Each structure stands twice: as structure tokens, then as C-alpha cells.
Amino acid sequence: MGYWTKYLELLEEKPFVTRMATGLIIGLFGDMLSQAMAGSKVVEMDIKRMVIFSCWGGFGFTPIAYKWYNLIEATIPVTAPGRALWKMAMDQVLFPPAITALTFMTLTVVEGLFSGFEVSLAKGLRGSGVAMKSISELLQDGADKVKETLKPTLITNYKVWPLVQVLNFAVVPVKLQVLFVNIVAVWWNFVLSMTQHS
């Protein structure tokens, strides 16, 4: 049995867990790509950052996207003319502002909570010397990050995702839509990670 066949079986048997594992792996690749493009060698890469970003991909974004695509599927009637366009419009008007803001807020707060140590293959686990901020300070940092990065990130989003989503909604079966988005999101995760860590 091939890997693709096994993956499709797992989507049927354990749809939520399979999608979350896929999102985790794709989040990891997106952040690794971001760090590599920023000049980090593999042994110098920030493992803590990779873990946080990939966990957001697997346990944050993917479950939300899974529920979101099911909601879109249930909301736009199958008989609606131009259904893929309506689904894309619903998706692009509502989802990117909310999920992008939530992504930057979550990553900023979680990274702040774990700011007291660093992990890399070259240096191992060690203290960072950074004092941990209070939750209220981290939430303010998250709000500042959203305020600073949301608009330019959405502008980039709208240059790419509407076309991707029309294709997704017109051609890709519902059970594979999150996977399709996750694959395109390897590049998008690179953009988000570069934005988060700039």
C-alpha cells in the first residue's frame, strides 16, 4: 500500500488527528524554510521557535481551518451558481483577518512565555538571559504585533489566496481541502514566520 493510499485511509479513520499531524509537519517545514532563507544553518536553527510554530500549525490553525471549511461547505448551497467563487468570497472576507490576527497574537504570547531559554543543535538547551514578561505585557506585545503586521500581511494574502481558494473550492474534494491549503501554506508559513520574527 502506497503512502498516499494510507494517508487517505487515515483521513477516513482519524480525520481530525490526521489533519493535525499534517498541519504540524507543514508548520515545521515552513519555519525551517524561513530560518534557512534568513541564513541559519540546520545546526543553528532555533528549535524552540520551530516547535512553537509547528504546534500552532497542527494544534491551532489546522483544527480551526477544518471546522471553517466544513462551515463554508454547509453554508453555500451546492446548487448556487458560481459556488466556488461564493465560497472563496466568504473565506477571504472573514477568515484571513481573524486567523492572521490570532496567529500573530498566539505566537507572540507563547514565544514570550518560553523566552527564558534557547534550543539549537549547535548549543543545546540553555538559558537565554531574557526575563519573562507578565501575561498582560505579552498580550500587549501580541496586540502591538497584530497592529504592526496585520495590514501588510493581508495585502500579501490577497495577492495569492483568492486564486488558490477558487481552485481549492472548485476542484479539490472537501476532505482534502485542508491538506491542499496546508501544502500551499508551506510558502505562506514561510511568509508568516518571516513576518513574526522580523
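1. What is the volume of the largest cavity? In this predicted model, the largest cavity has a volume of about 310 Å³, and the count of cavities of 30 Å³ or more comes to 1.

2. The lining of the largest cavity is made up of 25 residues, and those closest to its centre are Phe61, Phe95, Ile99, Trp188 and Leu192. By class, this lining divides into 13 nonpolar, 11 polar and 1 charged residues.

3. As for the elements around the largest cavity, at least two lining residues come from each of α2 (15-37), α3, α4, α5 and α6 (174-196). The element that gives the most to this lining is α4, which supplies 7 residues.

4. Turning to the open sites, the largest pocket has a volume of about 470 Å³. Its lining consists of 23 residues, and Asp46, Lys48, Ser115, Phe117 and Glu118 are the ones that lie nearest the centre of the pocket.

5. Two or more residues of the lining of the largest pocket are given by each of α3 (47-75), α4 (83-113), β1 (117-120) and α5 (135-171). Here β1 gives the most, with 4 residues, whereas in the lining of the largest cavity that place belongs to α4.

6. The class make-up of the two linings may be read side by side: the lining of the largest pocket holds 7 nonpolar, 6 polar and 10 charged residues, while the lining of the largest cavity has 1 charged residue beside 13 nonpolar and 11 polar ones.

Note on methods
Residues are numbered from 1 along each chain as its sequence is written. This is a predicted model: local features need pLDDT of at least 70, side-chain atom pairs count only at pLDDT 80 or more; totals for chains, interfaces and linings use all residues. Side-chain values use heavy atoms; hydrogens and water are left out. On a 1 Å grid over the protein atoms alone, a cavity is a set of points where a 1.4 Å probe fits but cannot get out, and a pocket is an open set with protein on both sides within 12 Å along at least five of seven lines; lining residues have an atom within 4 Å of a point. Grid points are joined across faces, edges and corners, and a volume is the space filled by probe spheres set on the points. Ala, Val, Leu, Ile, Met, Phe, Trp, Tyr, Cys and Pro count as nonpolar, Asp, Glu, Lys and Arg as charged, and the others, Gly among them, as polar.
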